[in-house]
Amino acid sequence: MIRTQDKFYITTAIDYPNSDPHMGHAYEKVVADFYARAYRFRGADTWFLIGLDEHGQKIQRAAIESKRSPQEFVDEKAEVFRRLYDLLEISCDDFIRTSQERHRAFVLDIYSRIRATGDVYKGLYRGDYCVACERAYTKSELLDGKCPVHGTDPIAEELESYFFRLGKYREPILRHIRENPEFICPVERRNEIIARLEEEVLDLSISRNTFDWGIPLPDDPQHVLYVWIDALSNYISAVWEPRDRYRRYWPADCHVIGKDIIWFHTVIWPAMLLSAGHPLPKQVYAHGFVLDEKGRKMAKQLGNVIAPLSVAEDYGVDVLRFYFLRAFSSGADGNFSLAELEERYESELANDLGNLILRVAKLVRSRLGGRISTPGYPRDLDAGPTLEAYFSHVDTREHHRAIEALWSYVRRTNAYLNEKEPWKAKDESLVSEVVGCGLEALRVIAHLLEPAMPATARSIAETLGFSLRKLPELYAGPATYEVAAGKPLFPARESSRGGRPGRKAPGSRAPVLQARAARGARRRRARPSRRRVAVRHDGGPGKREALDVRRAPGARRGG
Ligand SMILES: [Zn+2]
């Protein structure tokens, strides 16, 4: 049985825009977008929130360095982030920015509730502060006295601060986590948090009077709220008005975050909510980091940074999305490898999927005059188990397994056509039956592909003459399809050492990129390619014909 759900409110962490978006930002949005789209397809009333965390000392400093006011600085950055997310087809319903008035209003509301509960007091804060992390560390958290992230010397500080009685909520939160196995996903992160909660939990410093780019405390405006109460509140501030929206969507069904901020989301945030009297979110799902192909952090100093925009530009947005979702195990770190991306492009996208679409389209056009009637479901290729497997992996936040289940079905459909050999059949009704089944299988495939590759799903639908629907209307009865001439969705790529692209896959047609793409094309024409791998789609028995495979010595791909 595929579980249904009335509403689904999903959020990502809000990004800190002190510099431009990197691969990790793109990855997290694509993962969350997959789930938002999968739930929409299943019929849930879905609300998807992303946004920016715009306050704090690092932003204030970055603004001064670029000779702008903090507000001007974040306004510009917000455009950069939004452009990337538009390009990646992140289907968010709202984009919250913590410098917005609606956010400030809610933060003051929740702060006053927490204060009214008696959970705020003034004290003296002692810590070893790392400016880059924008947080203080306890002695035991430092590595050889240095910041565990940056390896720099922290600044010892002692300052007046307001505190939140976090320690008071240790027991109730520990109980909540134990009683709700789905609250923290994956289970490794859950165990980690339980172990930490079994030790002492200190109260939390929640204000600073050392900078002013933030939300001032109403009762002591020398202080601004420090990071967490401000930032975490976005998940409600974005749905707080109109109040119907809050009643409809809160509590959130899934907070998608990086594993490094899980303590804040599974302990501090619930403690704030308990104190203020809001229901707790249903789930916090932590994903891993995007590392380089050798498993190292991407960093400017290491010269191993790959920008999401350049990959989207070279390979197409959908190919990047597919690679993130298919190649990186949910919850674990992923090693980003362009060589692996190219492998998957050729074997899974061009060969398995692209070939299947072209074979079906070509057979309908060459043998049936471009028109085909079907019973409305894939008679010989029962998609029921695939749909069930797919959604059970969606429910357990294992998107890579959901896509694996989908790909098994893609391969099964190819194998079915190979076995039936409709291109050899003399009898037109037999051709129609087999190819109709292939087309219906592709209709299921397009729907399950949509959360991962929305532009590709639209292209398949357009070529084969159907429209994308919700799951309950997937099998709406007998149908006739007008099939257009198929263009390859995943054309052969011309590669060279520099990884220069061939034609674009769908989803890559962002105007902002056209000029650079045109420059790339001119360079390509000017220089003969070293290697050309072509996949021919002739509606035949699905054999790949490598027209010209000349791999230059030392060409980048392995194997
Ligand atoms: Zn640091």
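Tyrosine 121 sits across from phenylalanine 163 of strand S6, and that is a handy way into this predicted model. The two strands involved, S4 (residues 120–130) and S6 (residues 155–164), pair in the antiparallel sense over ten bridges. Pairing here takes at least two DSSP bridges between two strands, while strands themselves are DSSP runs (E, at least two residues) and helices are runs of H or I of at least four residues, both numbered from the N terminus. S4 and S6 belong to an open sheet of four strands in the order S5-S4-S6-S8, with antiparallel pairing. At its edges are S5 (135–137) and S8 (204–205), each of which pairs on one side only.

A word on bookkeeping. Residue numbers start from 1 along each chain as its sequence is written. As the model is predicted, local features need pLDDT of at least 70 and side-chain atom pairs count only at pLDDT 80 or more, whereas totals for chains, interfaces and linings use all residues.

Zooming out, the protein chain has 18 helices and 19 strands. Buried residues make up 44% of its 559 residues; buried means 20 or more other C-beta atoms within 10 Å of the residue's own, exposed means 12 or fewer, and partly exposed is in between, with C-beta atoms placed from the backbone. Of the contacts with a separation of 6 or more, 74% come from residues 24 or more positions apart, a contact being two C-beta atoms, placed from the backbone, within 7 Å.

| Strand paired with S13 | Sense | Bridges | Residue and its partner in S13 |
|---|---|---|---|
| S12 (residues 254–258) | parallel | four bridges | valine 256 and tyrosine 285 |

S13 is covered on both faces: Val284 and Ala286 are buried on one side, Tyr285 and His287 on the other. Together with S12 and helix H10 (residues 262–276), S13 makes a right-handed β-α-β unit, where right-handed means that, with the strands pointing away from the viewer, the path from the first strand over the helix to the second runs clockwise.

Helix H3 (residues 70–87) is worth a look too. Its 18 residues reach 26 Å from first C-alpha to last, close to the 26 Å expected at 1.5 Å a residue; that expected span is 1.5 Å times one less than the number of residues. Its buried residues are Pro70, Phe73, Val74, Lys77, Phe81, Leu84, Tyr85 and Leu87. They lie on the same side of H3 because they cover an arc of only 165 degrees around the axis, taken from the directions from the helix axis to the C-beta atoms. On the other side, Glu72, Glu79 and Asp86 are exposed. The cover over the buried residues includes helices H1 (23–42) and H2 (57–65) and strand S2 (45–52). Just after H3, glutamate 89 takes a positive phi of about 55 degrees.

Phenylalanine 41, in helix H1, counts as buried because it has 21 C-beta neighbours inside 10 Å. Leaving aside neighbours within four places in sequence, phenylalanine 41 touches His447, Glu450, Pro451, Lys470 and Leu471. Leucine 468 is 427 residues away from phenylalanine 41 in sequence, yet their C-alpha atoms are 9.3 Å apart. Glutamate 462, in helix H17 (residues 454–464), has 15 C-beta neighbours inside 10 Å and so counts as partly exposed. Its C-alpha is 8.3 Å from that of valine 483, 21 residues apart in sequence.
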